[in-house]
Amino acid sequence: GLHLSDGGTEYAVPLMRDLAGPGLMPDDALKALQPLLEGGRLALHDGKAWIRLMRGMGVEVKEIAFDTMIAGYLLNPLAGKYDFAELCEKTLGAQPSDAPATALINLMDRQRELLREQGMDRLYDGIELPLVRVLADMEAEGFRMDSGVLKSLGAEYEAKLNELTAR
């Protein structure tokens with residue numbers, strides 16, 4: 001299913017896995033949640049992935065209030081992995097269980113507190129969180145490359161590598 005939070009309310013939407021199963025068709029769930037996704041302040045885990053996913057379905061996520069993955073990175077940049085269940089376990093001492101949206105709210109509250117205690121709340125709010133949308137936009141837009149320059153650099157690095165390995 002789909003579990004969302006707007007920072008105060010939990011939304012759990014069962015999604016149909018097959019035509020005979022219970023739940024909503026993903027398109028119907030999206031239509032029902034579209035006002036929240038386009039108008040609400042959302043707390044998410046991996047906001048960049050959510051932005052990409054929703055854009056692919058024709059929905060623009062307007063505002064991310066909190067991203068637990070980004071906060072997890074700021075609080076422990078050497079962890080290397082910022083899986084939701086793992087962050088819940090390390091930060092809250094519990095797994096997300098059957099109510100991941102509630103766990104998300106609890107994780108968000110605790111991370112917000114830790115960011116404040118460590119003096120990183122302004123960094124998070126002013127730079128890291130706004131950067132989520134910028135990076136999603138950059139990934140969607142892509143960038144131009146000069147293939148000639150790229151081939152030239154490749155040849156140059158290959159020559160240097162051959163010189164170093166010959167020693």
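The largest nonpolar core holds 35 residues, and a search of the whole structure finds 11 salt bridges.

**Confidence**

- Among the elements of the chain, helix α3 (residues 68–75) has the highest mean pLDDT, 96, whereas strand β1 (residues 2–5) has the lowest, 69.
- Where pLDDT is low, the predicted coordinates should not be read in detail.

**Nonpolar core**

- Within the largest nonpolar core of 35 residues, the members that touch the most other members are L37, M54, I64, F66, L115 and Y124.
- Two or more residues of this core are given by each of α1 (26–39), β3 (41–44), α2 (47–56), β4 (63–67), α3, α4 (84–92), α5 (100–117) and α6 (121–141), and the largest share, six residues, comes from α5.
- I64, leaving out residues up to four places away in sequence, touches L42, L44, G47, I51, L129 and V132.
- In soluble globular proteins, nonpolar side chains tend to be buried together.

- Q111 lies in helix α5 and counts as buried, because its relative accessibility is 0%, under the cut-off of 20%.
- When its neighbours within four places in sequence are left aside, Q111 is in contact with F66, T68, A71, G72, L75, L87 and T91; of these, F66 is also one of the core residues that touch the most other members.

**Nonpolar surface patch**

- A nonpolar patch on the surface is formed by L123, I127, L131, V134, L135 and M138, which together have about 490 Å² of accessible area.
- L131, one of the residues of this patch, has its place in helix α6 and is partly exposed, with a relative accessible area of 33%.

**Backbone at D46**

- D46, in the loop between β3 and α2, has a phi near 65 degrees, which is a positive value in a residue other than glycine.
- Most residues other than glycine have a negative phi.
- The relative accessible area of D46 is 21%, so the residue is classed as partly exposed.

**Salt bridges**

- R55, E60, R133 and D137 are linked in a network of salt bridges, in which the side chain of R55 meets that of E60 at 3.1 Å, N to O, and that of D137 at 2.4 Å, N to O.
- Because D137 lies in helix α6 and R55 in helix α2, their pairing ties together parts that are 82 residues apart in sequence.
- Another salt bridge joins the side chains of E113 and R110 at 2.5 Å, N to O, and both residues lie in helix α5, three residues apart, or about one turn of the helix.
- E113 is partly exposed at 35% relative accessibility, and R110 is likewise partly exposed at 28%.
- Side chains of opposite charge can pair when their charged atoms come close.

Definitions and conventions
Residues numbered from 1 in each chain as written. Predicted model: local features only at pLDDT ≥ 70, side-chain atom pairs only at ≥ 80, totals over all residues. Heavy atoms only, no water. pLDDT = per-residue confidence, 0-100. Helix = DSSP H or I, 4+ residues; strand = E, 2+ residues; numbered from the N terminus. Core = buried A, V, L, I, M, F, W, Y, C linked by side-chain atoms within 4.5 Å. Buried < 20%, exposed > 50% of the residue type's maximum accessible area, 1.4 Å probe, protein only. Contact = heavy atoms within 4.5 Å. Patch = residues over 30% accessible without salt bridge, like charges linked within 9 Å, V, L, I, M, F, W, Y side chains within 5 Å. Areas by Shrake-Rupley, 256 points an atom, 1.4 Å probe, with all protein chains shown as cover. Salt bridge = Lys/Arg side-chain N within 4 Å of Asp/Glu carboxyl O.
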